[in-house]
Structure formats: structure tokens, C-alpha cells
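Trainee: Before we start, please walk me through the terms used for this structure.
Mentor: Gladly. Look first, then ask.

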Amino acid sequence: MFQVFDMSISEKTDTKMTVRRFIFLSLLVVSFLSLTALMTVTLTPGGLTPLDLFILFCFMVTLPWTIIGFWNAVIGLLVMRVSKNPVEAVCPIDAGDPDSPLKSSTALLSCIRDEDTESLEVNLSAMVSHLIRAGQADHFTLYVLSDTSMDDIALQEQQMSARLSERFQGQMDVIYRRRSLNTGFKAGNIEDFCDRWGDEHDFALVLDADSYMSAEAMVDLVRRMEANPKVGILQSLVVGLPTDSAFARIFQFGMRLGMRSYTIGSAWWQGDCGPYWGHNALLRLKPFKEHCRLPVLPGKGPLAGTILSHDQVEAVLMRRAGYEVRVLPLETGSYEVNPPHILEFIRRDLRWCQGNLQYRRLLSMPGLKPVSRAQLFLAILMFLGSPAWIGFMTAAAVLGMTTDYAPYRTDTGLALFATILTMVFAPKLATVADVLARADLRKAFGGPIRVVTSVFTEILYSAMLAPIMAVAHTLFMGGLIAGKTIGWGAQARGVQRLPVALAARKLWPQTLFGLSGLTWLYTQPIDLVWPVIPVAIGPLLATVIAVTTSTRSLGKLAIRSTLWRIPEESAPPEELADLQLPALTQGPLPVPGKHGLVQGDAKPAEA
């Protein structure tokens, strides 16, 4: 008997994703084994001693994220250059009908704790005003969800909410709620909203205190969610707002370069098991309420109790429930404020570090998708890589000082170093290749000469910043063993100069690490060790870097230099005009036109 089997669209999609994941896993395994073998050969002079094996082990721990970043970038670049529509290629969901009216109700959740209400009011006022002008405000309700611990700030929040409610009366409802105890931190704040008001809305758009989204970006997410009933969490890329912080300016330029190629590459194989970054994201409330309540980890100590890094756990729970978690690799209309100085950057990272390490208790949760389980494991490995890298560098230095023979093969060692360096910076280099290949992006980033100069200096800066962060992570994880923990307090967002004494007190371990490293480098042949000089220089100058990059004067100088420019500075979008950002008011700027296009003769020239 002859039978015809017709695979459904869903089955074809599942097969395609299975093939993609098999390809990616194969690339990961082959790369891991090849690099491990190359390092083993490099360590063979004198035989493999216990110290050699320790170096090899540390190296292997650092490899997964390096390899994943590389192949994400390669795949992302290929998709960007080959596909007619890269977004649709990696996120094939229905965009909805832009001409049809919205049918759903969406809650805007502004989750705050001890924040500056003046800047918060500016952001919320602008977002609501733009939704009103777009004719979509009647489909949204604003909730100001406060976990503020100080009564004076709570009073300011109430007054702000009252002003917003009065201003937008009849156009959008504004609801203020303050919890007396911030049980569960931010996740508990949102859970409380779900219990009180979750049944009144279809979706919730989660916003941090520094979040800002255009009306077009918010409505686009809602339309897509309406058109795709199996999508449970949806978000686009979140980019840094133009800033007058020198630290944030350089950092977010580097992030912007690596973001698109990396995310497109990861979305290519993660597909419906995408990540959730905790803000500027749309949640489908019914399954979120039913399936995404976080467990309280039993036991005592810093890795027990409330889960700090809630977002990835909520993503895997949503996927376990059968709903898709999707990322749109679009860079328009969704913004945040990056930490203004290095101490705040470290503090934020340490909270993520503790939260991610809690995931080890969740790896055995029943029913998780294999990709979801891998994401939790990799999130743990992300921070374990820091002490592994410190151990690798320290042990390698000790090996070089304690042997009376050359402990490394020079030929394979140089090949390994060049390979790892290329893989580390691949996401940025991939996006740079795409930028330089497109005239519109070259102009948006300030022209080819500025792009290349900015990339070179940013890579040097990130090479100095990485060991500073690795030392911080390593010491913090050592403290976790001793019971030290970190809370969830208000974040520093404004630009202000760090006191020298404070920076020195916080960063003295990095300074000591850098001094030790420079002392060791001084004893080595310069032709062999010059590539790792930034590894010692960065920590040695940690206090100087922290203080100088926190000053407003250096931030203004960085703006006027036009280096590390992001597209929103070259052609400011209309939605940013209401924010009066200092970075967009320093000196003459192009006149914003519709959708951020430049009008008249104000086109930014290429350098």
C-alpha cells in the first residue's frame, strides 16, 4: 500500500531546530576537544605534572563560553550577510497585522526600589504620552510597583504617581502599590502584582526603573504576542541610552557591537528556548501566573532561600509549560541605563553571580527541555570561569618560575593564544564586519575611521576590565563559601565622581593582583609576554580607571570626541527627545526626524 505522509509546519520546525542544535553541539564539542588537545600539547615539555594538569583543568573550565560566543558570532554574521530578513530567519513568528486594532489589555509594570523619582517620572511620562499619541493608551494600564524601604522616597513615589494619574486621567489608569516587605525581591514584586491584578490583563510588560521603550516597540511586542498564542515571553534587544558617563559609554559601545551578531547566532539554535533578561519584555500572564512561580531553595547559606537571578528560571519554567520564549534581534525602541561607574558594575555582576550559582539546585528539576537545562548549567559556568581564569594565570606563572626548562611549546602556545583571542572578540569583530559592509551602519556609528578607532580602544579597555571583574568574582565566590551574601538594594544610575578613598578600598585586591602580575612580567622575556601586559595593567590601575571614568568631565570629553558613538547619537530618534539626555545636548546635534532619520543637511558625515 502506498501512503503519503505530510509533515505539519510544527513538525518541520521541530526537525529544523533539532538539526540546528545538533550542528551547534557538534561545533562546540569539536572545538572543545581540539583546543584541549592543543593546550595539552603546549604543556608537554617535561611531561604532564600535577601543576600542568591543574592548568589544563582551569583552561577547560573557561572554554565553553569562549567557544559558544565564537560560534554564535560566526553564525550570526552568516545570517546577517546571507539572509534577506535575519530577524525572521531566527525568530519566525507572525508579526501581526499593523493595521488592525489591538485586542488585548497590557499592564506596564514599573518595578522600583529606592529610586530617583525625578528621572523615573520623566521616563514614565514620556512612554505614556507616546502611547496616547499613537492612539493605543486605552489598551495599557501603568502600575508603579514599589519595594521602597525608605518612607521619604515612598512619599515622593506617591506624589509622582498622583501627578501621573492626574495628568493622564481618562487616557490611562495609573496605579501605585508599595509593599512593606520586599519578599522575593523583584520576582516577588511581580508575583504580588499577578496575585492582585493578573486576571485583569492579558499581558504584562516588565520595566526596570531605568527602562524606556518607544510606543512603536511596545505595540509591536503586543501585536506579535496577540498573533502567536504559544509565545509566553517575548522581548527585543535592549540597548543603552546615550550617556554622559565615560565608563558606560565605552562599555555599551562594546556591548552594542557584540550584541546583534551574538543574539542572532544564539537565536538560530536556541529558537523557542530563548533567554529572558528580566525587563523590557512582554509576559503572557495566564501561564506566567500558573507555571512561573519561583521555588524557595531549602537550606541555609547564601545559595539557599530566594532566587536572585529570577529571569532565566522563569524562562525555563515557561518553556517547560509548553510556551515559547523568543528574542527578536531588533535594536530599536528598547532602552536601559548601564551602570555609570565600575563599582556599580561590579555590584550588579556580583548579584548575578550569586543568583546564577543558585541554579545548581535547579538542574535536576523534572520536565525541563534539554536546551533549558543547558542554559542553567552555562549560566553557572559563566561565573565559574573567573576563578578558573585566575587559577590558570597564577598556575602558569608559577610553572614558569619553578622549572629549569621551558615549560611550554612556543609554536602551539602562540597558535593557541591567537585562536583564543580571536574567539573572545569574535562577536564584536563579526558586527564590525557587518557595520563596515553597510553604508547606513557606517554612518550611524560615525564613519569607518571612527568605528575602527573606537573598536581598537574598546578592545584594549575591555582587556583591562576583564581581569578586574575576574578578581571581583573570584573573591566574592570565596566569600560565599564563608557565608557572605549580597542584597538587592537601589542601584546607582546617575553620573558622579567616585571618591578616591572608596575606590581604593574596594579595589585594593585588583591593585595587588596587577602589581604581582607586573612584577612577574618584568622577569620574563618581553617578546613572549607582551600580549598579556593589559592583564596586569588593568588591575594595577583599577582605582585610577574607576575614578577617572566616573567623572562627568571625562564623559563630556568622550562625547565631544565622537568616539564610541552609537546610532542614537548620530540620528536621535523622536522617542528620546522628551528625555533631555545630556549626551544628546552636548554641542550641535542632527535634527531628529521621523523614526530617527536625519532631516535636511544634518546628515552625519563619515570620518
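**Strands, sheets and helices**

Mentor: V206 stands opposite A281 in β8. This is a predicted model, where local features need pLDDT of at least 70, side-chain atom pairs count only at pLDDT 80 or more, and totals for chains, interfaces and linings use all residues. Residues are numbered from 1 along each chain as its sequence is written, and side-chain values use heavy atoms, with hydrogens and water left out.

Trainee: How do you know that β4 and β8 pair?
Mentor: Two strands pair if DSSP finds at least two bridges between them. Strand β4 (residues 203-207) and β8 are joined by 4 bridges, so they pair. They run antiparallel.

Trainee: Which way do the side chains of β8 point?
Mentor: A281 and L283 point one way, L282 and R284 the other. In a regular strand the side chains alternate between the two faces of the sheet.

Trainee: What does "buried" mean for these residues?
Mentor: Buried means under 20% relative accessible area (exposed is over 50%, partly exposed in between; 1.4 Å probe, protein chains only). All four β8 residues are buried.

Trainee: What is the order of the 7 strands in the open sheet?
Mentor: The order is β3-β2-β1-β4-β8-β6-β9, with mixed pairing. Strands β3 (174-178) and β9 (324-328) are the edges, as each pairs on one side only.

Trainee: Why is α16 called oblique to α17?
Mentor: Helix α16 (residues 448-481) and helix α17 (residues 500-522) pack at an angle of about 120°, with axes 9 Å apart. That angle makes α16 oblique to α17. Under 35 degrees counts as roughly parallel, over 145 as roughly antiparallel, 65 to 115 as roughly perpendicular, and the rest as oblique. Axes are lines fitted to C-alpha atoms, for helices over the stretch in contact, and angles run from 0 to 180 degrees between N-to-C directions.

Trainee: Which residues make the contact?
Mentor: Contact means heavy atoms within 4.5 Å. I468, V471, A472 and L475 of α16 meet P509, Q510 and F513 of α17.

Conventions: Helix = DSSP H or I, 4+ residues; strand = E, 2+ residues; numbered from the N terminus.
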